[in-house]
Amino acid sequence: MLVLDAGHGGLLRGRYTTRGKFYDHGPDYSFHKGGIIYEGLINRAIVNAMVDKLERIHFPYLVVSDPELDISLADRVNLSRTIWNIANDERTVFLTVGRFR
């Protein structure tokens with residue numbers, strides 16, 4: 001099973017608050033209709049594309065991040081550990097999407 005985590009950067013109080021590492025690209029940029037690209041949008045777009053491909057090939061997966069809300073790293077780690085303990089399978093792989101330095 002592949003466990004996917006879209007990382008941080010979701011909505012807090014109804015708005016995205018975490019700017020991505022790629023700032024304002026202007027109105028002609030094709031992703032998200034230009035302007036500021038928030039990290040949560042990029043991360044979720046990547047996870048959603050992966051989910052589409054996994055479903056097409058009938059590969060088991062689980063997404064541990066919320067589709068919109070920002071979930072703390074501690075909560076995502078705890079959920080992943082719980083899944084690991086329940087799955088009890090060395091073939092379970094965890095993947096967090098995000099930009100790391």
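## The model and its elements

This is a predicted model, in which local features need pLDDT of at least 70 and side-chain atom pairs count only at pLDDT 80 or more, while totals for chains, interfaces and linings use all residues. Residues are numbered from 1 along each chain as its sequence is written, and side-chain values use heavy atoms, with hydrogens and water left out.

The chain holds 2 helices and 5 strands, where helices (H or I, at least four residues) and strands (E, at least two) are DSSP runs numbered from the N terminus. Read from the N terminus on, these elements follow the order β-β-β-α-β-α-β. Of the 101 residues in the chain, 32% are buried, a word that here stands for under 20% relative accessible area, as against exposed for over 50% and partly exposed in between (1.4 Å probe, protein chains only). The chain exposes about 7,100 Å², and carbon and sulfur atoms supply 56% of that area; accessible areas come from the Shrake-Rupley method with a 1.4 Å probe, and for residues only the protein chains shown count as cover.

An open sheet of 3 strands has the order 4-1-5 with parallel pairing, where two strands pair if DSSP finds at least two bridges between them. Strand 4 (61–63) and strand 5 (93–96) stand at the edges with a single partner strand each, so one side of each is left without a neighbour in the sheet. The twist from one strand to the next averages 20 degrees; axes are lines fitted to C-alpha atoms, for helices over the stretch in contact, and angles run from 0 to 180 degrees between N-to-C directions.

Strand 1 pairs with strand 4 in the parallel sense over 3 bridges, and 4 bridges join strand 1 to strand 5, again in parallel. On the strand 5 side, the bridge partner of Val3 is Phe94.

## The helices

Helix 1 (residues 39–56) packs on the sheet and touches strand 1, strand 4 and strand 5 (contact means heavy atoms within 4.5 Å), with a direction at about 160 degrees to that of strand 1. Its 18 residues should span 26 Å at 1.5 Å a residue, and the end C-alpha atoms of helix 1 are 26 Å apart, which agrees; the expected span is 1.5 Å times one less than the number of residues. Helix 1 is followed by His58, whose phi is positive, near 55 degrees.

Helix 2 (residues 73–87) lies across strand 1, strand 4 and strand 5, and runs at about 165 degrees to strand 5.

## Two buried residues

Asp5, which has its place in strand 1 (residues 2–5), counts as buried because its relative accessibility is 5%. The side chains of Asp5 and Arg76 are joined by a polar contact of 2.5 Å, a term for a pair of N or O atoms within 3.5 Å; within protein, one must be able to donate a hydrogen and the other to accept it, and residues adjacent in sequence count only if both atoms are side-chain atoms.

Val47, in helix 1, is buried as well, with a relative accessible area of 2%. Not counting residues up to four places away in sequence, Val47 touches Leu4, Asp5, Ala6, Val63 and Val97.
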